[in-house]
Amino acid sequence: MKTSFYFLFWILIYPVLGLLNNSFINDNSFVVALILVILLSRILNKMMPDIQAYDNALSKATILEDIYTGNLKSFKKRIIVSAIVETVSAVYFLCTVLLIVLNSTIKDMDWVGVSFFGLFTFVTISRSITLFNAKSKLDEDPTTETCSKIADSIYNLDYSSYYEYRSTNTLKEIFSDEMPKYYNAFRIFSFVVAVVVSLLGMCGIINGILIFTNNYFAPITLVSVFILYGSLALYFGVKDTISCISIKNMLISKK
């Protein structure tokens with residue numbers, strides 16, 4: 001499934017966990033939600049491996065085709081967007097850590113939550129630095145070779161192998177295998193979910209702004225979490241919406 005699907009599941013699972021009225025779950029809701037997301041991901045991957053593999057292949061091809069066709073503008077835009085979302089993610093996780101710390105004492109501190117969000121903060125900061133460095137390298141040397149190196153280091157994609165195969169085969173020939181059953185239903189469902197998550201993200205951002213404008217004394221970390229969380233939802237929703245459209249165009253191109 002697309003990232004936006006798990007993001008939607010993440011949003012919906014918290015109210016459900018609250019209804020259980022379990023003190024342990026309430027104190028460790030983030031960890032419990034994370035475990036449930038991971039379990040759901042593994043279950044779905046086992047249920048529809050062909051669909052996931054086909055969708056992943058198409059998604060990778062949309063990136064590699066930008067390099068093959070020399071569409072460096074599109075490739076660069078992808079890197080910039082990824083760098084921005086990693087930066088927003090880092091700020092969101094950092095604000096969450098601050099919110100937990102500021103609203104707790106040493107005695108009742110949620111050390112598990114602080115540790116998890118602290119780790120995610122470090123990872124996203126490292127990732128954003130890597131992406132901005134890649135963008136700088138592409139600015140300095142806007143060539144297919146640079147894109148190839150970036151695709152390998154960041155997206156773990158082997159452009160050289162793709163180029164050799166693509167130069168002697170059309171997209172139709174590359175994806176000549178029969179489309180998995182229900183793939184179109186999966187694609188449409190993913191598109192709908194992505195749009196819904198985009199709308200939820202917009203609502204989150206608006207809610208954060210309203211909280212701030214209606215109460216200037218509201219904790220800035222709380223307002224930041226609403227806005228940044230909404231920004232992440234909006235990003236993943238828009239990103240997956242664009243991905244679905246790109247895959248649709250890829251399917252049209254190979255006909």
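**Exercise 1. Is serine 89 buried or exposed, and what does serine 89 touch?**

Serine 89 counts as buried, because its relative accessibility is 7% and buried means under 20% relative accessible area, exposed over 50%, and partly exposed in between (1.4 Å probe, protein chains only). A word on the model: it is predicted, so local features need pLDDT of at least 70 and side-chain atom pairs pLDDT 80 or more, while totals for chains, interfaces and linings use all residues. Residues are numbered from 1 along each chain as its sequence is written, and side-chain values use heavy atoms, without hydrogens and water.

Next, find the place: serine 89 lies in helix α5. Helices (H or I, at least four residues) and strands (E, at least two) are DSSP runs, numbered from the N terminus. Finally, leaving out residues up to four places away in sequence, serine 89 touches Thr124 and Leu232, where contact means heavy atoms within 4.5 Å.

**Exercise 2. Describe the aromatic pair of tyrosine 54 and tyrosine 183.**

Start with the rule: rings of Phe, Tyr and Trp (its six-membered ring) pair if their centres lie within 6.5 Å; planes under 30 degrees apart are stacked, over 60 edge-to-face, and the rest tilted. By this rule there are 9 aromatic pairs. In one of them, tyrosine 54 and tyrosine 183 are 5.1 Å apart centre to centre with 75° between the planes, which is edge-to-face. The pair links distant parts of the chain, 129 residues apart: tyrosine 54 belongs to helix α4 (residues 49–68) and tyrosine 183 to helix α10 (residues 183–214). Now check burial: tyrosine 54 is buried at 8% relative accessible area, and tyrosine 183 is buried at 0%.

**Exercise 3. Why is the pair of phenylalanine 93 and phenylalanine 120 tilted?**

Their ring centres are 5.4 Å apart and the planes stand at 45°, so the pair is tilted. This pair also links distant parts of the chain, with phenylalanine 93 in helix α5 (residues 72–102) and phenylalanine 120 in helix α6 (residues 111–140), 27 residues apart. Phenylalanine 93 is buried at 15% relative accessible area, whereas phenylalanine 120 is partly exposed at 25%.

**Exercise 4. Where are asparagine 156 and tyrosine 182 found?**

Take asparagine 156: it is in the loop between α7 (144–154) and α8 (159–166). Asparagine 156 is not a glycine, yet has a positive phi of about 55°, and is exposed at 65% relative accessible area.

Then tyrosine 182: its place is the loop between α9 (171–174) and α10. Tyrosine 182 has a positive phi near 70° and is exposed at 57%.
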